[in-house]
Amino acid sequence: MISLFFWLPMTIFLTLIWLLLANAITLGQFLLGGFFSFIFVILSLRIRPDLAYPRRISVMIKLAFRVIIDIIKSNWNVGLLILQWRRKDFTSGYVYIPLEIRDPHALAFLACIITYTPGTVWSGLTEKDFILRLHVLDLRDESEWFDTIKNRYEKLLLEIFE
């Protein structure tokens, strides 16, 4: 029963999405959306083998702001790079970064953060050694990317999930 209360935020979120898609905020739509959302969350508990138990809300907020700022900066830099594109100006390449994260939820968050940031793509992870292969559009300094992933993202994700 405790896990149901853990999924209460998901039920509320799905109900809000239902109301937005219905384009009407009425009691009937709220009850119908709430019912279907609750049923969906109950049924999804059976197919999730591993539940996440994130901690430290303040660190989550700090990570969210950091990611938003990095995405804005990266959009700007990639936009400038594309608009001023000359073949000799940039060199794309791969960076290999050993990770300390082992929690699958934290790895999924890191993959989303990297993929959402323009100019970078999560292109692989070795299961044995947990070495991230990161493709970077404009690779000038590998140590800068190593520092960004390890200190800006992985450190906070370790605090949240492990």
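# Chatting through a predicted model

Biologist: Hi! How many salt bridges does the structure hold?
Modeller: The structure holds three salt bridges. A salt bridge here is a side-chain nitrogen of Lys or Arg within 4 Å of a carboxyl oxygen of Asp or Glu. Keep in mind that this is a predicted model, where local features need pLDDT of at least 70, side-chain atom pairs count only at pLDDT 80 or more, and totals for chains, interfaces and linings use all residues. Residues are numbered from 1 along each chain as its sequence is written, and side-chain values use heavy atoms, with hydrogens and water left out.

Biologist: OK, which residue does aspartate 70 meet in a salt bridge?
Modeller: Aspartate 70 meets arginine 152, side chain to side chain, at 2.9 Å from N to O. That pair links distant parts of the chain, with aspartate 70 in helix 4 (residues 57-83) and arginine 152 in helix 6 (residues 142-161), 82 residues apart. Helices (H or I, at least four residues) and strands (E, at least two) are DSSP runs, numbered from the N terminus.

Biologist: Is aspartate 70 buried or exposed?
Modeller: Aspartate 70 is buried, at a relative accessible area of 11%. Arginine 152 is partly exposed, at 27%. Buried means under 20% relative accessible area, exposed means over 50%, and partly exposed is in between (1.4 Å probe, protein chains only).

Biologist: And what does lysine 150 pair with at 3.6 Å?
Modeller: Glutamate 100, through a salt bridge between the two side chains. Glutamate 100 sits in the loop between strand 1 (93-98) and helix 5 (104-116), while lysine 150 is in helix 6, so this pair ties together parts that are 50 residues apart in sequence. Lysine 150 also forms a salt bridge with glutamate 154, where the closest N and O atoms are 2.8 Å apart.

Biologist: How many residues apart are glutamate 154 and lysine 150 in helix 6?
Modeller: Four, and because of that spacing they are separated by about one helical turn. Both of these residues are buried. Through shared partners, salt bridges join Glu100, Lys150 and Glu154 into one network.

Biologist: Which residues are closest to its centre?
Modeller: Of the 26 residues that line the largest pocket, those are Ser74, Asn77, Asp138, Glu144 and Trp145. Helix 4 gives the most to the lining, with seven residues. By class, the lining has eleven nonpolar, seven polar and eight charged residues. Ala, Val, Leu, Ile, Met, Phe, Trp, Tyr, Cys and Pro count as nonpolar, Asp, Glu, Lys and Arg as charged, and the others, Gly among them, as polar.

Biologist: How many bridges join strand 2 to strand 3?
Modeller: Five, and strand 3 covers residues 131-136. Among the partners, tryptophan 122 is bridged to leucine 134 in strand 3. Strand 1 is joined to strand 3 by six bridges, and isoleucine 97 stands opposite leucine 132 in strand 3.

Biologist: Which residues form the covered face of strand 3?
Modeller: Leu132, Leu134 and Val136, while Ile131, Arg133 and His135 make the uncovered face. In a regular strand, side chains alternate between the two faces of the sheet.

Biologist: Last one: what phi does phenylalanine 130 have?
Modeller: A positive phi of about 55°, although phenylalanine 130 is not a glycine. Most residues other than glycine have a negative phi. Phenylalanine 130 is in the loop between strand 2 and strand 3, and it counts as buried at 17% relative accessibility. Asparagine 23 has a positive phi too, near 60°, but asparagine 23 is exposed, with a relative accessible area of 70%.

Key:
On a 1 Å grid over the protein atoms alone, a cavity is a set of points where a 1.4 Å probe fits but cannot get out, and a pocket is an open set with protein on both sides within 12 Å along at least five of seven lines; lining residues have an atom within 4 Å of a point. Two strands pair if DSSP finds at least two bridges between them.
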